[in-house]
Amino acid sequence: ALAKAGLHFDELNKIRVLEPEVAQQTRELKEECKDFVEKIGEFKKIVGTFIEMVDTVAKEVEKEKMKAIGARNLLKSIAKQREAQQQQLQALITEKRMQQERLRIQYDALQKEETDQNDFLEQLISQK
C-alpha cells in the first residue's frame, strides 16, 4: 500500500520517496559524475601544461626564425658588399691596364727617341 503511494523503505528501514533501486542508481550516477568531474579537472591540467609547452616551443621557434632572418639578411649584405668591392677592383684593374698601356707607349716613344739621338750622335762623331 505504501509502494502505491510512492513511499518505500530502505535498508535501514527509513521511509524514502524513491524506490531503493532508483535511489541506488542515483547514488551510482552521482559517484560517476564526481569521477567524471575529477577526470575533467586532470585533463584540464594536462591540457594547460601542454599549451604552456607549445607556447614555449613556439617562442623558441620564433626566436630561431628571427635569428635565421637576421643571418640571411647579413649574408645578403655581405654578398652585396663583395659585389661592390669586386666592381671597384675591376675598375681599378681597368685603370691600371690603361696606365700600363700609356706607359708602354711612352716607353716605346722614348726608346725610339734614344735610338734617334744615338744615331745622330754617331753621325756627328763619324763626320769629324
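**Exercise 1.** Which kind of contact joins the side chains of glutamate 64 and lysine 67?

*Solution.* The model used here is predicted.
Step 1. A salt bridge needs a side-chain nitrogen of Lys or Arg within 4 Å of a carboxyl oxygen of Asp or Glu.
Step 2. For glutamate 64 and lysine 67, the N to O distance is 3.5 Å.
Step 3. The contact is therefore a salt bridge.
Step 4. Both residues belong to helix H1, which covers residues 20-127, and they stand three residues apart, so about one helical turn separates them.
Step 5. Glutamate 64 has a relative accessible area of 42%, and it is partly exposed.

**Exercise 2.** Describe the order of the elements in the protein.

*Solution.* 
Step 1. Count the elements: there are one helix and two strands.
Step 2. Read from the N terminus on: the order is β-β-α.

**Exercise 3.** Classify arginine 104 and glutamate 101 as buried, partly exposed or exposed, and describe their contact.

*Solution.* 
Step 1. The cut-offs are under 20% relative accessible area for buried and over 50% for exposed, with partly exposed in between.
Step 2. Arginine 104 has a value of 41%, so this residue is partly exposed.
Step 3. Glutamate 101 has a value of 36%, so this residue is also partly exposed.
Step 4. The two form a salt bridge, and their closest N and O atoms are 2.6 Å apart.
Step 5. Arginine 104 and glutamate 101 are three residues apart in helix H1, which means about one helical turn lies between them.
Step 6. A network of salt bridges links Glu101 and Arg104 with Asp108.

**Exercise 4.** How far apart are the closest N and O atoms of aspartate 116 and lysine 112, and how exposed is each residue?

*Solution.* 
Step 1. The closest N and O atoms are 3.5 Å apart, and the pair forms a salt bridge.
Step 2. Both residues lie in helix H1, four residues apart, about one turn of the helix.
Step 3. Aspartate 116 has a relative accessible area of 41% and is partly exposed.
Step 4. Lysine 112 has a relative accessible area of 54% and is exposed.

**Exercise 5.** State what share of the residues counts as buried, what area the protein exposes, and how many salt bridges the structure holds.

*Solution.* 
Step 1. The protein has 128 residues, and 2% of them count as buried.
Step 2. The structure holds four salt bridges.

Methods:
Residues numbered from 1 in each chain as written. Predicted model: local features only at pLDDT ≥ 70, side-chain atom pairs only at ≥ 80, totals over all residues. Heavy atoms only, no water. Buried < 20%, exposed > 50% of the residue type's maximum accessible area, 1.4 Å probe, protein only. Areas by Shrake-Rupley, 256 points an atom, 1.4 Å probe, with all protein chains shown as cover.
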